[in-house]
Amino acid sequence: MNEIRILAFAGFREKFGEKNIVAVPKGATVLSVLHTFAETVPAAQDELFDSGHLRGHVILMYNRERIDADDAEEIAVSDGDEIVLYPPVSGG
């Protein structure tokens, strides 16, 4: 099993907590980690997913590099990796 750290910022921090550890099998992808996370943190299901698909407004970083939803399906995680979640940014 791999342990992946998930950090949440801004509005997501209030809903998910600042730090979470998710245990996933070897070969898991960023997207499968987020699905597992959503099973353990119920608020994440509605905030991150729509009908099982990652919402387009979710900002993801994987090991300090920004990725998009397509990348999340492809990138295999390793033990000790980090996923950072940001809610949509607004302002003016």
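Okay, quick one to start: which residue in E6 does methionine 61 stand opposite? That would be arginine 66. Keep in mind that what you're looking at is a predicted model.

So, where does that pair sit? Strand E5 covers residues 59-62, and three bridges join it to E6, with the two running antiparallel.

Now zoom out to the sheet. We have an open sheet of five strands, and reading across, the order goes E2-E1-E7-E5-E6, with mixed pairing. At the edges you find strand E2, residues 19-24, and strand E6, residues 65-67, each pairing on one side only. From one strand to the next, the twist averages 30°.

Then there's helix H2, which packs on that sheet and touches E1, E2, E5, E6 and strand E7, residues 82-86. Its direction makes about 110° with that of E2.

In helix H2, residues 30-40, look at alanine 38. Is alanine 38 buried or exposed? Buried: the relative accessible area comes out at 5%, and the cut-off for buried is under 20%. Skipping neighbours within four places in sequence, alanine 38 is in contact with Ala44, Gln45 and Phe49. If you want a distance to check, its C-alpha is 15 Å from that of alanine 28, ten residues apart along the chain.

The other one is alanine 8, over in strand E1, residues 2-8. Alanine 8 is buried too, with a relative accessible area of 1%. Again leaving out residues up to four places away in sequence, alanine 8 touches Arg13, Phe16, Gly17, Glu18 and Leu85. And from alanine 8 to aspartate 79, 71 residues apart along the chain, the C-alpha separation is 19 Å.

Definitions and conventions: Residues are numbered from 1 along each chain as its sequence is written. This is a predicted model: local features need pLDDT of at least 70, side-chain atom pairs count only at pLDDT 80 or more; totals for chains, interfaces and linings use all residues. Side-chain values use heavy atoms; hydrogens and water are left out. Helices (H or I, at least four residues) and strands (E, at least two) are DSSP runs, numbered from the N terminus. Buried means under 20% relative accessible area, exposed over 50%, partly exposed in between (1.4 Å probe, protein chains only). Contact means heavy atoms within 4.5 Å. Two strands pair if DSSP finds at least two bridges between them. Axes are lines fitted to C-alpha atoms, for helices over the stretch in contact, and angles run from 0 to 180 degrees between N-to-C directions.
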